[in-house]
Amino acid sequence: MKAIKFTYVLVFAVAISFAATGCKNKPVGVTNIPAQRSGTPGGGEPTDLRPGEPVQADDVGVPLPKFPPDLESIYDFDRETLRPHMVHFDFDSHVVKASEKPKVAAVAAYMKGQPGNIALLIEGHCDERGTEEYNRSLGERRALALRETLILEMGVDGNRVTTRSHGEDVPLDRGKTEAAYAKNRRGEFVVLLPK
Amino acid sequence: MKLKAAWFFTASALMALATFSARAGAKLVVAGEAGGAVPVSISGFTGEVAQVLEFDLFVQGFRITTPEAAQFQITGSNSGNVVGRVTNPLKETILSKSYTGASLRRQAHAFADDIVQVTAGRKGIGLTKIAFKVETGANKEIYIADFDGHNAQAVTRDGVNVAAPTWAGNKFALYYVTYKFGNPVILFHDLASTERRTFAGFPGSNISPAVSPDGRKVAMILSKDGATDLYVANADGSDLRRLTKSREDESSPCWSPDGQWICFAAKIDARRSLCKVSVSGGPVQRIQTAGVANPTEPDWSPDGNWIIFTAQMGGFEICRVPAQGGTAELLVSGEDPSWAPNSRTVVFARRAGGSRRLSLLDVPTKQTKDIPRISGSNSQPSWAR
């Protein structure tokens, strides 16, 4: 009985995977157009939504501390101490992956061990596979996501943590490979030491 | 803070000695309005003047052909000054004019504008300007130039990252983003006086400025409240308002020509889409872009009819959609389009060999032409209008 059920499930799974991948035997004389979804920011299907639909807004965000833009004039930047904890992101995503959380936890532990006047700057970066201002917003969104993780999940004082986006302007690797892009999609932690 | 860069905008006093004999007789049907380019012939001009005439007409929906095949014949000379004449298919002279002052180049642009006006009934773009970003290695600066890329001048010489230049309504001034102070802040830069001041320097990132057509308000993306959202303020910085509240990354605002709506790129229910919101607040509404994915970088045409944008679909495609939304039309590969004041020509960036360069697109005919490149990578064009 159990075996029958298992077979049933197996057949079903095979059918599903076939439906998902399509037939493996390509017809002769047909040019295969690569799917648009590979490497597509947003990962979505073409948008085909009804226009004029009001969208619900939710109240979000942990406000940033009132730091001035010229952080460099009041803090010395220590880029080395937390460099090993640089966090990487999936393509077109600002989700802090579970696999990256231990790095954020290490940053939280470090900050909790420092005097309250030591602050933290999180810099968000993107790969080049988006338009420029799109990436500048996405980079900021990544930095904010890391900040929220530190504050809401790990109890770091939000008044010590601020953000900055570099968009796609400061890649670590100028290569055009997936490996290079993966390196560039990142959040960097900079310790701010009062001058 | 003041820029040492001393450069001057010559208000090009073109003294046109007009011997305008527009015979308002035979009503001509102008071909090409439905999409085909208008055939014209050009003869008698040399060097730079001939090049300017051909370029200007090409990017405004004309194509150059032989006198026999031409709908309009353009003749004249440029020994000393530009002298030009245009005849219609009935061999009637519809424009006869000579130009003086400024440079031969500007005289040729002025003549091209007159040709566009008399043959198509549209205002030409020959004397308009663009602003853009130039990247040379790690160095990025803001430049302005004539719309065809000539007479380029550096606006910034800060040696830091800069981004997103945009014209301040009809003022000879720009807003742009600089990393000069550390975090990205939005500057206002008066190009006549070279004075500049911080417009938005809030905590976090201050990015993507967009000025209302009357120059009185500026939309932008700020993160000071803990989310990358759309804000609007008066041009003096007062009356700052938050227009969106979302956990996603809004980007690239632009204005409807009546100044009532701000269109921007957003992500809603896990889907990237174009949206609009009233400048006085209220619900965010989607603008349908059926047929393409991941729209960004919208720009609303000055006549109000179209929104042009970049679809990110592996590569980058310039598309347009009716301003109320609908089915998107793919135009050409490229990104960050900006309308000319004629609601017809568009400047955009395209990636070529690891860098970006600027091109012009005549939307109805889909004719494109690269403009000369300043060293390195050129991107983020904004057309003064």
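Modeller: Gladly! Contact means that the C-beta atoms of two residues, placed from the backbone, lie within 7 Å. Residues are numbered from 1 along each chain as its sequence is written, with chains lettered from A and ligands numbered from 1 in the order in which they are written. This is a predicted model, in which local features need pLDDT of at least 70 and side-chain atom pairs count only at pLDDT 80 or more, while totals for chains, interfaces and linings use all residues.

Together with Leu53(B) and Tyr175(B), Ile307(B) has the most contacts inside the largest nonpolar core, a set of 109 residues. Such a core joins buried Ala, Val, Leu, Ile, Met, Phe, Trp, Tyr and Cys residues through C-beta atoms within 7 Å. A residue is buried with 20 or more other C-beta atoms within 10 Å of its own, exposed with 12 or fewer, and partly exposed in between. At least three residues of this core come from each of domain 1 (23–120) and domain 2 (129–383) of chain B; these bounds come from an automatic or database domain assignment. In soluble globular proteins, nonpolar side chains tend to be buried together.

How far apart are the centres of the two domains of chain B? Taken over C-alpha atoms, they are separated by 33 Å. Where the two domains touch, nine residues of domain 1 of chain B meet 11 residues of domain 2 of chain B. The domain 1 side comprises four nonpolar, four polar and one charged residue. Here Ala, Val, Leu, Ile, Met, Phe, Trp, Tyr, Cys and Pro count as nonpolar, Asp, Glu, Lys and Arg as charged, and the others, Gly among them, as polar.

Leu53(B) takes us to helix α1(B), where the buried residues are Val49(B), Val52(B), Leu53(B), Glu54(B), Phe55(B), Asp56(B) and Leu57(B). They pack against β2 (38–43), β3 (62–64), β4 (72–77), α2 (104–120) and β31 (367–370) of chain B. Helices (H or I, at least four residues) and strands (E, at least two) are DSSP runs, numbered from the N terminus. Because the 12 residues of α1(B) (residues 47–58) should span 16 Å at 1.5 Å a residue, the 17 Å between its end C-alpha atoms agrees. The expected span is 1.5 Å times one less than the number of residues.

Asp336(B), in strand β28 (residues 335–339), has a positive phi of about 50 degrees although it is not a glycine. Asp336(B) is buried, with 29 other C-beta atoms within 10 Å. Ser343(B) has a positive phi of about 55 degrees, again without being a glycine, and is found in the loop between β28 and β29 (345–352). Ser343(B) is partly exposed, with 19 such atoms within 10 Å.

Finally, confidence. Where pLDDT is low, the predicted coordinates should not be read in detail. The model scores ipTM 0.88 and pTM 0.85.
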